[in-house]
Amino acid sequence: MKQDATRNAAYTVDCEDYVHVVEFNPFESGDSGNLIAYGGSNYVVIGMCTFQEEEADIEGIQYKTLRTFHHGVRVDGIAWSPETKLDSLPPVVRFCTSAADMKIRLFTSDLQDKNEYKVLEGHSDFINDLVFHPKEGNEIASVSDDHTCRIWSLEGKQTAHFLLHSPGMSVCWHPEETFKLMVAEKNGTIRFYDLMAQQAILSLQSEQTPLMSAHWCLKNTFKVGAVAGNDWMIWDITRSSYPQETRPVHMDRAHLFRWSAISENLFATTGYPGKMASQFQIHHLGHSQVI
């Protein structure tokens, strides 16, 4: 892994093909390093990043590829399972992907001889987001341009199906609120569903459209963030169904919103890929300037 000064990135990893999606494993894997997955036009690569803060004898960051999985079609999304454990015998790596053929693929590997995958079919348009149950890892939720949110068992059976009013852009399953699901729609509506009753219990409204991405804050379950149009926006769901804070951030439309896993005041946004002014920005709610 080499340093790259041209775009102010800390380090870069050379890849053989286009990279469409990148996802760090958000769960404890039993190893000091950080599992990372990235997907290209027909493959998924699983790697390990170890940072200087975790291993004193490493300078900056160390990256190692663990395994490459043939995918056969462009990878659009990746979600990690909490059942991924590198300290078990044998180790278990489990993740799922969404693809350009509108199918979900569930991969399970021991990083050696056992490499299985299962195809989950049902969506009739592009899948925009997917996520595992954050505690058990026994179900997958997905949202699509086909105006549905679907929940799947690992065997591929649909266990729930919610009809939406517009394309589903983001789906979040919070580890502290596992009986609820947050679904964000392109028309600017964010709904929370009670999974026991299988009905909506709360909705939020953005004042901008199209809403492209939303995220449920890991450190504060009352906070939700999103990007719509050129703006980022933050809700406190105990106070109003409309955003508490809104700020323009990307000239050529905002594309992605992600909260930090360690702070309720830190979040990142990206502009639209391929645009001249596309940027990756980190924000702090206590500061008016981008970090």
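Four strands line up as an open sheet in the order β1-β2-β3-β4, with antiparallel pairing (two strands pair if DSSP finds at least two bridges between them). β1 (21-24) and β4 (61-70) are the edge strands, each pairing on one side only. From one strand to the next, the twist averages 20°, with axes taken as lines fitted to C-alpha atoms and angles running from 0 to 180 degrees between N-to-C directions. Within this sheet, strand β3 (residues 43-51) runs antiparallel to β4 over nine bridges, and Thr 50 has Gln 62 of β4 as its bridge partner.

A word on the basis of these values: the model is predicted, so to speak of local features takes a pLDDT of at least 70, side-chain atom pairs count only at pLDDT 80 or more, and totals for chains, interfaces and linings use all residues. Residues are numbered from 1 along each chain as its sequence is written, and side-chain values use heavy atoms, with hydrogens and water left out.

Zooming out, the chain has zero helices and 23 strands; helices (H or I, at least four residues) and strands (E, at least two) are DSSP runs, numbered from the N terminus. With a radius of gyration of 19 Å, close to the 19 Å that the globule rule gives for 291 residues, the chain is as compact as a globular protein of that length. That radius is taken over C-alpha atoms, and the rule is 2.2 Å times the number of residues to the power 0.38. Along the principal axes, the C-alpha atoms fill a box of roughly 50 × 45 × 35 Å. Of the 291 residues, 47% count as buried, that is, under 20% relative accessible area (1.4 Å probe, protein chains only). Of the contacts with a separation of 6 or more, 41% come from residues 24 or more positions apart, a contact being heavy atoms within 4.5 Å.

Strand β14 (residues 180-185) and β15 pair in the antiparallel sense over five bridges, and Lys 180 has Asp 194 of β15 as its bridge partner. The two strands form a hairpin with three residues between them, and Gly 188 in the turn has a positive phi of about 100°. On to β16 (residues 199-205): β15 pairs with this strand over six bridges, again in the antiparallel sense, and Asp 194 stands opposite Gln 199. This hairpin has four residues between the strands, with Gln 198 at a positive phi near 55°. Five of the six residues of β15 (residues 189-194) are buried, so the strand is largely enclosed by the rest of the structure.

Ser 206 counts as buried because its relative accessibility is 6%. A polar atom of its side chain lies 2.5 Å from the backbone oxygen of Gln 208. Leaving aside neighbours within four places in sequence, Ser 206 touches Gly 188, Leu 211, Ala 228, Met 233 and Trp 235.

Ala 141, in strand β10 (residues 139-144), also counts as buried, at 0% relative accessibility. Not counting residues up to four places away in sequence, its contacts include Leu 130, Val 131, Ile 151, Val 171, Trp 173 and Leu 181. Ala 141 and Gly 271 are 130 residues apart in sequence and 25 Å apart in space, C-alpha to C-alpha.

Methods
Buried < 20%, exposed > 50% of the residue type's maximum accessible area, 1.4 Å probe, protein only. Polar contact = N/O pair within 3.5 Å; in protein donor to acceptor, adjacent residues only side chain to side chain.
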